[in-house]
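Biologist: Please show me the model, and then take my questions one by one.

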Amino acid sequence: KKELVLIKLMVKEIKTIDPCWGKPDIIVVADVPDQDALTQLVLSKIHGIEGVTQTDTHLVYRSPESKAK
């Protein structure tokens with residue numbers, strides 16, 4: 001949907017945004033430097049998007065070896 005493209009363009013931390021069947025409706029992958037930045041992203045930007053009523057946040061940690069790939 002074009003709304004998803006607009007959200008991705010407006011929120012620079014979002015790297016991918018994909019609609020899904022069932023729950024959740026959308027999966028977003030964001031790149032932030034630390035936990036504080038993630039908190040600000042979710043509370044200030046994502047929760048501020050019209051239609052967002054709930055979020056479920058999961059963290060992916062990468063080892064230094066995986067970042068080099």
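Biologist: In which loop is the place of His-47?

Modeller: This is a predicted model. In it, His-47 touches Val-42, Val-52 and Thr-55, setting aside residues up to four places away in sequence. The place of His-47 is in the loop between H2 and helix H3 (64-67).

Biologist: What is the relative accessible area of His-47, and which class does that give?

Modeller: Buried means under 20% and exposed means over 50%, with partly exposed in between. The relative accessible area of His-47 is 36%, so His-47 is partly exposed.

Biologist: How far apart in space are His-47 and Ile-14, C-alpha to C-alpha?

Modeller: Along the sequence, His-47 and Ile-14 are 33 residues apart. In space, the distance between their C-alpha atoms is 14 Å.

Biologist: Is Asp-56 buried or exposed?

Modeller: Asp-56 lies in the loop between H2 and H3, and its side chain has a polar contact of 3.3 Å with that of His-58. The cut-off for exposed is over 50% relative accessible area. Asp-56 has 61% relative accessibility and therefore counts as exposed.

Biologist: Which buried residues does H2 have, and what arc do they cover around the axis?

Modeller: The buried residues of H2 are Leu-38, Leu-41, Val-42 and Ile-46. They are on the same side of H2, because the arc they cover around the axis is only 90°.

Biologist: Which exposed residues does the face of H2 turned away from its buried side carry?

Modeller: What covers the buried residues of H2 includes S2. The face turned away from that buried side carries the exposed residues Asp-36 and Leu-43.

Biologist: Which residue caps the N-terminal end of H2?

Modeller: The cap involves the backbone nitrogen of Asp-36, with a side-chain oxygen 3.2 Å from it. That oxygen belongs to the capping residue, Asp-34.

Biologist: Why does Glu-13 count as buried?

Modeller: The place of Glu-13 is in the loop between H1 and S1. Buried means under 20% relative accessible area. Glu-13 counts as buried because its relative accessibility is 15%.

Biologist: Which side chain is joined to that of Glu-13 by a polar contact?

Modeller: Not counting residues up to four places away in sequence, Glu-13 touches Val-29, Ala-30, Asp-31, Val-32, Leu-41 and Lys-45. A polar contact of 3.1 Å joins the side chain of Glu-13 to that of Lys-45.

Biologist: Which residues is Asp-31 in contact with, leaving aside its neighbours within four places in sequence?

Modeller: Asp-31 is found in the loop between S2 and H2. With neighbours within four places left aside, the contacts of Asp-31 are Glu-13 and Lys-15.

Biologist: Which peptide bond is cis?

Modeller: Pro-24 lies in the loop between S1 and S2. With omega near -5°, the cis bond is the one from Lys-23 to Pro-24.

Biologist: How much space lies in the largest pocket, and which residues are closest to its centre?

Modeller: The largest pocket holds about 1,600 Å³ of space. Of the 40 residues that line this pocket, the closest to its centre are Ile-27, Val-28, Val-29, Asp-56 and Thr-57.

Biologist: How many residues of the lining of the largest pocket are nonpolar?

Modeller: Helix H1 (2-10), strand S1 (14-19), strand S2 (26-30) and helix H2 (35-46) each supply at least two residues of the lining. Of the lining residues, 11 are charged and seven polar, and the nonpolar ones number 22.

Methods. Residues numbered from 1 in each chain as written. Predicted model: local features only at pLDDT ≥ 70, side-chain atom pairs only at ≥ 80, totals over all residues. Heavy atoms only, no water. 1 Å grid on protein atoms, 1.4 Å probe; cavity = no way out; pocket = protein on both sides within 12 Å on 5 of 7 lines; lining within 4 Å. Points joined across faces, edges and corners; volume = space filled by probe spheres on them. Helix = DSSP H or I, 4+ residues; strand = E, 2+ residues; numbered from the N terminus. Nonpolar A, V, L, I, M, F, W, Y, C, P; charged D, E, K, R; others polar. Buried < 20%, exposed > 50% of the residue type's maximum accessible area, 1.4 Å probe, protein only. Arc of directions from axis to C-beta. Contact = heavy atoms within 4.5 Å. Polar contact = N/O pair within 3.5 Å; in protein donor to acceptor, adjacent residues only side chain to side chain.
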